[in-house]
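Let's read a structure together, one feature at a time. Have the viewer ready and follow along.

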Amino acid sequence: MGEKMVELMIRTLCTMVMLVLIKMPPANGFYLPGVAPRDFEKGETLEVKVNKLTSTKTQLPYDYYFLSYCKPPKIRNSAENLGEVLRGDRIENSVYSFHMREQQSCKVACRVELDSVSAKNFKEKIDDDYRVNLILDNLPVAVLWLSRDEKPAVYEHGFRVGFKAKFSGMKDRRYFIFNHLNFKVKYHQDPDTDTALVVGFEVTPLSMKHKYMTWVDNNTQLTTCKHGTETVLQPGIVPQEIESDTEIVFTYDVSFESSDIKWASRWDTYLLMNDDQIHWFSIINSLIIVLFLSGMVAMIMMKILYRDIANYNQLDQDQVHEESGWKLVHADVFRPPNNYSLLCVYVGTGVQVFGMTFVTMIFALLGFLSPSNRGGLMTVMVFLWVIMGLLAGYSSGHLHKMLKGKDWKKTSLKTAFMVPSVLFTTFFMLNALIWGEKSSGAVPFGTMFVIVLLWFGISVPLVFLGSYLGFKTPAKEDPVKTNKIPRPIPLQPWYINPLFAMLFGGILPYGAVFIELFFILTSVWLNQFYYIFGFLFIVFVILLITCAEISIVLCYFQLCNEDYRWWWRSYLTSGASALYLFLYCIFYFCVKLEITKLVSAILYFGYMFIIAYVFFILTGTIGFCACFWFVRKIYSSVKIE
């Protein structure tokens, strides 16, 4: 029966892979989105694309054309990968069109008559500090802020929809829109071919109430700006106010500037890092914790354990019974714990999370997941999660066999559905809230169906296949035999209390990563680019070592006090670091974010719950695997008669 099931799963997977390969378009060569340079000849058209409207106050992205901006005759959506859709990106064409190295000034885009609904939408987006995001040759538009001191200039991603101010003669503050854009395109020219590469895209937004004598669709002459002259704010020009039944004329200038910036370095200005010293401080702080724990583990392993093992091996069996310590529980230390099936599920899922995280970081270190590859990080993580279902099934199935379990199919079913169901249900509920706000961040039904298809069509069969292979793999015998009757556990000292062990064991792994956690949260919730994967990988390795060492230390103390219930304790000890992570997220919400809407707060804590839950599974699995190796190692080193 089992062989037929495996054969059926393999056939199903092969069929799905063949269908995917058949549907894939033919490719002429290796190409990574955002990586291949494109040469533009003089006069060649440069198309500006629009992306979502974003706000750090609401965390709810909206489609660019949600507001009454100028629309092209036909709106075309650019091809988006899975990661872009999940991030809420909606990349579309726009009315802004340039010609390479050809200056344009006072270019009229369109005029718009605001009704009450349009005016209200603009005002709400200004109150919520929304920003407009444009893209040229895969470069996001940015506002350049020059510093008065010697610090380098800073790029601010996107530009504001408008502003609220009070000018002379006004009784209260009013809303004004940035309806004129001064674009600057930086290019790097090839002296041999006279072609150029786009290496920078800047904008200076202005608000000005345009005036004209007669409106001509393609050739309107404005009196507030002139062709051939850069548009600047001049005395007598008033800003464009947002009111119902008001006409707004949208215009733009385009200038080109030659630059020495190489194409490969064009993202450096966007990713300028002024806080590298803080990252090094984070690394040093984490290394101190690791060295401290490594010293404790070395002391236990080299001095105490070797001495204990040597003494135990020299003693007679009668003398051993008079001794106290970790050897006394040898007949119970490998007794299967309560709810061992659930433990197998969480360990298997933890291996899946670890595999996904590790491979993702390798791809990121190699440069495949740079910010220029928009949506690449999210796409890779989703597909790796699906593929790593094979490891999840194998780990849970093999551990289930080592614990003398029989019903591996039930454990496999739990592994395939338990944790993914929690994550998907939470994500679905949050997506429903976003949908209710009419935000472009809501994942469309088609994309949701694709995610479910990946889950049920690929991940679940891989989990069952892995469980079958793991259960069929011969399990290593325990170093010592287990008695049928459990040994009584003596009264434990206060520092062995599970709650204290969790609180103490969780704070050290958290302390190794909390500084880097600040930068990760900033990139996620404050629309900043995160690209320092080298630092992140070092911190990740330190986290693995810290979780393993603190779990081993506390497990040793527990066994020395003749408490053999180490299975779940080892998982929860290092996994408790997720509690500190979530508490820090609450602190970050109160101190750093300006979220005021209830829906936005629910979204924040919902997504942070998902992250903390996955972090708990990852760190708990690391701690368990380390203790599992440690316990088998020490009990295989003593003679048991």
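Q: Is Phe557 buried or exposed, or partly exposed?

A: Happy to start there. This is a predicted model, and in it Phe557 is partly exposed, with a relative accessible area of 31%. Tyr556, by contrast, counts as buried at 3% relative accessibility.

Q: How do the rings of Tyr556 and Phe557 pair?

A: Look at the distance between centres and the angle between planes. Tyr556 and Phe557 make a tilted pair, 6.1 Å centre to centre with 55° between the planes. Phe624 and Phe628 make a stacked pair, at 5.9 Å and 25°. Both of these Phe residues lie in helix α15, 4 residues apart, or about one turn of the helix. Phe624 is buried at 2% relative accessibility, and Phe628 is buried at 16%.

Q: Which residues touch the most other members of the largest nonpolar core?

A: The general idea first: in soluble globular proteins, nonpolar side chains tend to be buried together. Here, the largest core has 80 residues, and Leu559, Trp566, Tyr604, Phe624, Val631 and Tyr635 touch the most other members. Helix α15 (residues 598-635) supplies the largest share of this core, 19 residues. A second, separate core of 56 residues includes Val132, Val141, Ile177 and Phe250.

Q: Where does the charged end of Lys125 sit?

A: Check what lies under the charge. The charged end of Lys125 sits over the ring of Tyr62, 4.4 Å from its centre. Lys125 also lies over the face of Tyr130, at 5.4 Å from the ring centre.

Q: What is the mean pLDDT of the chain?

A: The mean is 83, and 86% of the residues reach 70 or more. Over residues 1-34, though, the pLDDT is below 50.

Terms used:
Residues are numbered from 1 along each chain as its sequence is written. Side-chain values use heavy atoms; hydrogens and water are left out. A nonpolar core is a set of buried Ala, Val, Leu, Ile, Met, Phe, Trp, Tyr and Cys residues joined through side-chain atoms within 4.5 Å. Buried means under 20% relative accessible area, exposed over 50%, partly exposed in between (1.4 Å probe, protein chains only). Helices (H or I, at least four residues) and strands (E, at least two) are DSSP runs, numbered from the N terminus. pLDDT is the predictor's confidence in each residue, from 0 to 100. Contact means heavy atoms within 4.5 Å. Rings of Phe, Tyr and Trp (its six-membered ring) pair if their centres lie within 6.5 Å; planes under 30 degrees apart count as stacked, over 60 as edge-to-face and the rest as tilted. A charge sits over a ring if NZ of Lys or CZ of Arg is within 6 Å of the ring centre and within 35 degrees of the ring normal.
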